[in-house]
Amino acid sequence: MKKALALVLAGAMALSLAACGSTPSSTATSGSTPASGASTASGKVYYLNFKPEQDQQWQDLAKVYTEQTGVPVEVVTAASGNYETTLMAEMGKSDAPTLFQVNGPVGLASWKDYCYDLSGSDIYGQLTSDAYALKEGDTVYGIGYVIESYGLIVNKTLLAEAGYTVEDIQSFENLKAVAEDITARKDELGFAAFTSAGMDGSSDWRYKTHLANLPIYFEYQDEGITSTDAIKGTYLDNYKNIWDLYINNSTCEPSELAAKTGDDSRNEFLAGEAVFFQNGSWEYGNLTGEGKFTDDDLAMIPIYIGVGDEANQGLCTGTENYWCVNNMASEEDIQATLDFINWCVTSEEGTTAMANEMGFVIPFKGAAESPNLFVKQDAEMTAAGKTPVSWNFTTMPSEEWKNVLGTALTAYAAGTGSWDDVVTAFVDNWAAEYQLANG
């Protein structure tokens, strides 16, 4: 199936005489007029960006690069939760992306035939560790360009009004006690424990992917593995407990979650309607600034589910963001793309933008220190001996597996489905989707 897909897409790109019109979520092409004194290169760059929250920053950085070099850089940003379908559509066009992203080994399996070997590239030489490269043998298919963390973002001011501090929360038992006490006094306090666990496409990834990482991580730890063709579901009772805590101590009724969006959840947190907001370090720029929170107002704590050495558990830290260069592009466009990404991680303009504007920790030798509070807290926890929870959701067998799980979670919250349906979606469907993907 994967070979057939590759042939179809390759044929479409080879035979198409003109690019089809499209209406991407966000697109901008930086001007083609070079800065004074700069030479104009022959190639161009088309970056299909995965991260909507950094869309404007990538548009701005592309413009700077074009002003300096004369190389046109187009950035198109896929809508949240729609990257794979957008990539599929764009790769079938004559002007396909020259730079795209896969989320790890599972994502790579679908696009390996399109990945230029980066083993001899300048950017590969800039990596601080081979751990951030997607490799098979000596072939480098992708380069991880950002390391991120997620957990429970805390409004410390509201938490204090409820009579607690972040130091009071060192386990699932602590978190549950605090959340249920806030719910019991919700009318008196004027706020809820958790923002809405929105299950529309802009938000459900936080639960069918990021929250689901926790039971996978602890099972992998027990088994001494890094992937599996058949998940056991050892810690699904713990997954149920944290999901129940979220949906029953929230700003809305569980039956309303299907229609709640990622913006709803963020806006509830910004408006002081809830203490806890599950999200990641990428959300920092949306929460701080004029009229918003200061660093003194916020903290990020681990997502506790009642497993392992919780006192020494850190944030969920890793990457699912690997740059791949399209080997079907022209030689000129491939070189232009290689030059662009290397400039992003080595130049003062690129590293500053990635650290300050995007809030990234990048795994490259010339990385600038990020001012992102959540990044700093992750580093502090790790330095204190806490163990980060690795990102194992990159081993989930397919996007369809996530979607089926999300549907089951939503039905369970609404009372139209049972937890057994969630277990079936998690365990049985894992084996089925893995078999489909791997023959």
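Which residues of H14 are buried? In this predicted model, the buried residues of H14 are Asp 333, Ile 334, Ala 336, Thr 337, Leu 338, Phe 340, Ile 341, Asn 342, Trp 343, Cys 344 and Val 345, where buried means under 20% relative accessible area, exposed over 50% and partly exposed in between, with a 1.4 Å probe and protein chains only. Helix H14 covers residues 331-346; helices (H or I, at least four residues) and strands (E, at least two) are DSSP runs, numbered from the N terminus. The end C-alpha atoms of H14 are 22 Å apart, which agrees with the 22 Å that its 16 residues should span at 1.5 Å a residue, the expected span being 1.5 Å times one less than the number of residues.

Residues are numbered from 1 along each chain as its sequence is written, and side-chain values use heavy atoms, with hydrogens and water left out. As the model is predicted, local features need pLDDT of at least 70 and side-chain atom pairs count only at pLDDT 80 or more, whereas totals for chains, interfaces and linings use all residues.

The mean pLDDT of the protein is 90, and 91% of its residues reach 70 or more; pLDDT is the predictor's confidence in each residue, from 0 to 100. Over residues 1-40, pLDDT stays under 50, and the model has 76 contacts beyond four places in sequence for this segment, a contact being heavy atoms within 4.5 Å. Where pLDDT is low, the predicted coordinates should not be read in detail.

Two of the residues buried in H14, Cys 344 and Val 345, are touched by Met 354. Met 354 belongs to helix H15 (residues 348-357) and is buried, with a relative accessible area of 0%. Met 354 and Tyr 145 are 209 residues apart in sequence, with a C-alpha to C-alpha separation of 9.8 Å.

Helix H11 (residues 236-248) has 13 residues and reaches 18 Å from its first C-alpha to its last, close to the 18 Å expected at 1.5 Å a residue. Its buried residues include Trp 243 and Tyr 246. In helix H10 (residues 213-223), eight of the eleven residues are buried, among them Pro 215, Phe 218 and Glu 219. Just after H10, Gly 224 takes a positive phi of about 65°.

A search of the whole structure finds one cavity of 30 Å³ or more. On a 1 Å grid over the protein atoms alone, a cavity is a set of points where a 1.4 Å probe fits but cannot get out, and lining residues have an atom within 4 Å of a point. The largest cavity has a volume of about 40 Å³ and is lined by Phe 194, Thr 195, Ala 197, Tyr 207, Tyr 246, Phe 276, Phe 277 and Gln 278. Strand S9 (residues 274-280) gives the most to this lining, with three residues.

Thr 195, in the loop between strand S8 (192-194) and helix H9 (205-211), is buried, with a relative accessible area of 4%. Its contacts include Arg 206, Glu 268, Phe 276 and Phe 277. Phe 277 and Glu 136 are 141 residues apart in sequence and 38 Å apart in space, C-alpha to C-alpha. Glu 136, in strand S5 (residues 133-136), counts as partly exposed at 39% relative accessibility.

How values were computed:
1 Å grid on protein atoms, 1.4 Å probe; cavity = no way out; pocket = protein on both sides within 12 Å on 5 of 7 lines; lining within 4 Å. Points joined across faces, edges and corners; volume = space filled by probe spheres on them.
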